[in-house]
Each structure stands twice: as C-alpha cells, then as structure tokens.
Amino acid sequence: TRVRARLQLYAKTVVAFAIWAASWVAIVFLRPGLAFGIVALLGLVAGTILIGFCVQHDANHGAYFRTRRMNHLMGWTADAMLGFSSYAWRVKHNVAHHTYTNVDGYDDDISQTPFARFMPTQAPKPWYRLQHIYIWPLYSLMVIRWQTGADIAALVRGRIGNSKIRMPRRWDLAGLLTGKAVFIAWAIVTPLLVYPWWVVAVGYAAFTMLTSLVTATTFQLAHCVEEAEFTSAEQLAASKKPWAVHEVETTVDFCPRNPVLTWVLGGLNYQIEHHLFPRVAHTHYPRIAEIVKRNAAKHGIRYTAQPSLVAALRSHHRHLRTLGRMGIPAEIEMG
C-alpha cells in the first residue's frame, strides 16, 4: 500500500507537468484561435493547480522525497511555475499556519484585516457586513499578490504573522531570484514575443485569477467554516489543549468520498489528516483518515467532515456572513 501510494504521487506529477507543458506549448507555438486558446488557457490553469496542490505542496512539507535537499529542489516548482517564493512559503504555511492554526495574530492565513474578518476575536467593521459577497473577487487576487509583492514585503518586515523570517542567503537567495526570473520568462516575456501586450495582459490576469480563486477557496473551506474552532494565543495557552487536538478541532475535511476531487486537490480536502501528518505524502490520506476518525470518536474529540462541496461552500458563506454582522450595532427606528 505504501509503495502504491508513492507511485500514485509520482504518476500524478507526470500528469500535472504534461498538462501544463502541452497547454503552454499550444498557446505559445501553435497560436490557436479564441475558442481553442481558451481551452489551452484552462489547461494551463489546471496543470498549474495540480503542480501547486500535488507537487510543490508535498515537497515543501518534506513529504515528496526522503532528503531535505531533494524536497527543496522539487519545492522550487513554486518559484518557477507558480511565481511565489518556496522559501517564504515554508515559513508562511509550514510554521505560521500549521503550528498556529486559527490562532489570532499568529496564523497569517486568517489575518486579512481590514479587508475581511475571519474569526470572532478580530474587531468588527461596518463593511464586513458585505464580506460574504465581495470576498470572492479578493480571493482571485491572492496569487498575484504573492507573485508581485507579498514575499518581498514579508522578507523586509522580517516576519509572517508572529513567525520570524530571515533574508535568504546563498542557495535560498539564488532559488528565489532564479525562480522569479523563470516564471516571468514563461508567463510574460515569451508570450509577448508572440502576442500583443493586451492579449498577454488579459491572459495573465485570467490565468492568475482562476488559479487564485481555486487555491484560496480550497484552503478556506478547511478552516474558515462554522464547524472550525478559533482562538487567541492566550486562550490556547490557558486551555492547555494538546496540539493534535487543537489541529483536529480547528480543521475540517470536505468531500472525503469524492475520489476525483481528492485527486485534483492533492488530498487537501483531507485537511485534518494533512495537519496531523504534514510530512506524509497526500496519497496516504484516505487510509489515514479512517484511523484518525476512529480514534477521535474513541477519545471524544470532535471530528468534522463536510459531505459535499456544496455543504462546505455554504458553511463558509454562513461563517463569513455571521462574522460580518457580529458586533455591529443594530439600527433601531423609533416610530
């Protein structure tokens, strides 16, 4: 079973890169018309999402190969193919998010004020009343924000949330700079040699916005929903809750019985299992979930799995709407 799961991981990598390469070659060298061009662009989005979820994510967690160096090398696909720094990602995601899941001020993924309110301890603002509506366009800008400035801002600031990040040196610095150059070369410079600038601008915007929307939504459905718990650092310290219990109760699985979605999302719909075993390849998660669920029931720990994608989206929508209204004084009309 272990060998089979490992082979599935590597086979999926081949498929992801094949889809990406075929789509990019079709766009740049075959110059298809509008209809086939849109199909090729969607293929490029699909290939990039697969690389992001199924390759760089496992590699940057140390779950793809046995050695740290090889994992960092494969994780560099985040720099070259997705346009954001794998060096910064390992602090942002592995440390700030995985260590302090749903902890206010520490988990950078839920610290999006003043644009949105994701947890009750964050201060209310009048415009949050509409966040369940305007949040979707914001989600579509997440990846382009990483690509253009978020990495540099974090390095200059020296922290992500409350987690320190040092300026990269030697191979880390070389990987960051080279990765950005490779991404700009294939995503912008090469297409400009073939198409007018406005076609490249529209294509790049569509590519990044679609990729971003899928990526942001996937992560939010696992943590920013009604069933997940949220806390502050003080509350967590006072509760003396074991780290593993905290991870189970702040994280939600969704669509665990949907093999197609599990394949596409790189097992990130098994988010509980991923948080408990981040250094295990995602192809093992369906089997691990059976063990985790059984032991959670045995010890009285709440284990939540949304039965469908629609149910998960509705829970996220209700969570945003409830937090948007919470703490805002009601207007009372005196007659």
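Searching the whole structure turns up 2 cavities of 30 Å³ or more. A cavity here is a set of points, on a 1 Å grid over the protein atoms alone, where a 1.4 Å probe fits but cannot get out. This is a predicted model, so local features need pLDDT of at least 70 and side-chain atom pairs count only at pLDDT 80 or more, while totals for chains, interfaces and linings use all residues. Residues are numbered from 1 along each chain as its sequence is written, and side-chain values use heavy atoms, with hydrogens and water left out.

**The largest cavity**

- About 100 Å³ of space sits in the largest cavity, a volume being the space filled by probe spheres set on the grid points, which are joined across faces, edges and corners.
- Its lining (residues with an atom within 4 Å of a point) has 15 residues, and G52, F53, Q56, L82 and T215 are the ones nearest the centre.
- At least two lining residues come from each of α2 (34-60), α7 (142-157) and α9 (197-223); helices are DSSP runs of H or I with at least four residues, strands are runs of E with at least two, and both are numbered from the N terminus.
- The top contributor is α2, with 6 residues.
- By class, this lining splits into 9 nonpolar, 6 polar and no charged residues. Nonpolar covers Ala, Val, Leu, Ile, Met, Phe, Trp, Tyr, Cys and Pro, charged covers Asp, Glu, Lys and Arg, and the others, Gly among them, are polar.

**The second largest cavity**

- The second largest cavity holds about 40 Å³.
- Around it you'll find T48, L82, F84, V143, Q147, F207, T208 and T211.
- Both α7 and α9 supply at least two residues of this lining, with α9 giving the most at 3 residues.

- T113 and P114 are joined by a cis peptide bond, with omega at about 5°. P114 is in the loop between β1 (103-104) and α6 (131-139).
- R170 isn't a glycine, yet its phi is positive, near 50°. R170 belongs to helix α8 (residues 170-192) and is exposed (over 50% relative accessible area, with a 1.4 Å probe and protein chains only), at 74%.
- C255 is another non-glycine residue with a positive phi, about 50°. C255 lies in the loop between β5 (253-254) and α12 (259-264) and is buried (under 20%), with a relative accessible area of 3%.

**Helices that cross**

- α9 packs with helix α15 (residues 309-325) at an angle of about 80°, their axes 9 Å apart. Axes are lines fitted to C-alpha atoms over the stretch in contact, and angles run from 0 to 180 degrees between N-to-C directions.
- That makes α9 and α15 roughly perpendicular, a label for angles of 65 to 115 degrees.
- On the α9 side, T217, Q220 and L221 meet L309, A312, L313 and H316 of α15, contact meaning heavy atoms within 4.5 Å. The residues of this contact are 4 nonpolar, 3 polar and no charged.
- α2 and helix α5 (residues 86-97) cross at roughly 75°, and their axes come within 10 Å. This pair is therefore roughly perpendicular as well.
- Q56, H57 and N60 of α2 meet S86, W89, R90, H93 and N94 of α5. The α2 and α5 contact has 1 nonpolar, 6 polar and 1 charged residues.

Methods:
On a 1 Å grid over the protein atoms alone, a cavity is a set of points where a 1.4 Å probe fits but cannot get out, and a pocket is an open set with protein on both sides within 12 Å along at least five of seven lines; lining residues have an atom within 4 Å of a point. Angles under 35 degrees count as roughly parallel, over 145 as roughly antiparallel, 65 to 115 as roughly perpendicular and the rest as oblique.
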